[in-house]
Amino acid sequence: MLRRWWSFWIGFLGIRIEGSQLEKFINMAASRGIPLYDLRREPSGRMSAKVRMDGFRSLRHVARKSGSRMRIESRYGLPFYASSLKRQRSLVIGVISFVLTILIMSTFVWDVEVNGNDRVDKQQLLQAAAEKGIRVGRWRPLIDVREAEQTIMGAVPGLEWVGIKAKGTRVVIEVQEKVLPKKPAVDGPCNIVATKGGVIQRLMVLVGEGKVAEGERVAKDQVLISGLIFQHKPAIRSQAEEKPEPPKLLDKVQARGEAWAKVSYDQWIEEPVVLEGTVPTGAVSEQWRIKWGNQEIIIKGPRSSPYPAGVEEVSMRTPSLWRNLGLPVEIIKTEYHELRAFRHERTAQEAMTAAQEKARQAVSGLLPPGARVLREMVLPQPAPPGMVKVKVSVETLEDIAHPQPIETGT
């Protein structure tokens, strides 16, 4: 590889040698230290080779001594390319100018992209970024990324984090919006109650007074965060009645917050080991009747179902002459669908697996959106002969907080 690069750097020639003493030509060139590359003998008796530029002049004497004729057929290497480029100065200048233009233009901003915004207006972000120089046509080294991030954070409300990255000629502004608490579903003062029983794992009180502690088991409809704000002070007994004074109600607020609790779901499913029943065969027979008053006439189809086992689907309609002008008759259509009996014998394990799957689907239908499954237990249960029974218990972590209006007069 190094020899090839050196030959390219100093240049080399492709030559063709003709004569009756080609072996003598090769031996004399080797004895004088003139290297020949890619030496090949052609069927016509001639020989082709490559030689470096500095060895070609000495090779002429070798050809003369050996009685051979030598002709240059090709030229390779940097000296020849440079010589060619000298004759095409305009092209070279154009190529160099083009490359320099591309390099210079690549240092400017040609596109600004915003990612991660949902509630925050994109135009507001772009306007705040443009005030710090992040706009199309701006020279990229002049942009202070850190200062621009801080400016956007201060100018645009509702942002939790801002990151700016330059990818070539594109500047990407990535934002993370703040997670706002849920808006209460009721108007006016309210409490936050539990939608179901569970063990409180995390209680976040935004507005109101927390009534339960983490690790405490709560029941359905129990108040978790109260919207009634009382004045807390040491209980003072009245000397006359010797009863504690009730706390003084200061305000009624709209309680807000989250209450994440562990909630358990249990489902029991019984499944027969042998499945028996009927399935449609796809065969259908139709019957058409006309009814007026208490009279019916079959105009098409069998008088009754032609199948030993099947189901019927009946539909009727009243024909009309014009808009609301109907006829005192009804057209009744009855479809007879054939059914066939089937019997599918399974092992107890197969029936148990099917029961588990049904139980899981039943539990999944009870889970609210956002619930995270923490643990699942599958317990076989005693069952009658020919049946299997399974209990699936699932423990989830979910937000059980729900607003409940405070009744007037409380």
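In this predicted model, the buried residues of helix H7 are covered by elements that include helix H6 (122-131), strand S6 (159-167) and strand S7 (170-177). Helix H7 itself spans residues 145-155, and its buried residues are Ala148, Glu149 and Ile152. These three cover an arc of only 100° around the axis, so they lie on the same side of H7. Turning to the other side of H7, one finds Arg146, Gln150 and Gly154 exposed. At the start of this helix, a side-chain oxygen of aspartate 144 comes to within 3.4 Å of the backbone nitrogen of arginine 146.

Next comes the nonpolar interior. In soluble globular proteins, nonpolar side chains tend to be buried together. Here the largest nonpolar core has 25 residues, and Ile200, Val218, Leu224 and Ile400 have the most contacts inside it. At least two residues of this core come from each of strand S8 (190-194), strand S9 (198-207), strand S12 (223-226), strand S15 (256-272), helix H8 (348-364) and strand S23 (387-399). Among the residues that isoleucine 400 touches, leaving aside those up to four places away in sequence, are Val193, Ile200, Val218, Leu224 and Val263. A second, separate core has 18 residues, including Val114, Ala129, Val162 and Ile173.

Some of the strands can also be followed into a sheet. Four of them form an open sheet in the order S10-S12-S8-S24, with antiparallel pairing. Strand S10 (209-210) and strand S24 (401-405) are the edge strands, each pairing on one side only. S10 is joined to S12 by two bridges, and glutamate 209 stands opposite serine 226 in S12.

Terms used: Residues are numbered from 1 along each chain as its sequence is written. This is a predicted model: local features need pLDDT of at least 70, side-chain atom pairs count only at pLDDT 80 or more; totals for chains, interfaces and linings use all residues. Side-chain values use heavy atoms; hydrogens and water are left out. A nonpolar core is a set of buried Ala, Val, Leu, Ile, Met, Phe, Trp, Tyr and Cys residues joined through side-chain atoms within 4.5 Å. Buried means under 20% relative accessible area, exposed over 50%, partly exposed in between (1.4 Å probe, protein chains only). Helices (H or I, at least four residues) and strands (E, at least two) are DSSP runs, numbered from the N terminus. Contact means heavy atoms within 4.5 Å. Two strands pair if DSSP finds at least two bridges between them. The arc is that of the directions from the helix axis to the C-beta atoms. A polar contact is a pair of N or O atoms within 3.5 Å; within protein, one must be able to donate a hydrogen and the other to accept it, and residues adjacent in sequence count only if both atoms are side-chain atoms.
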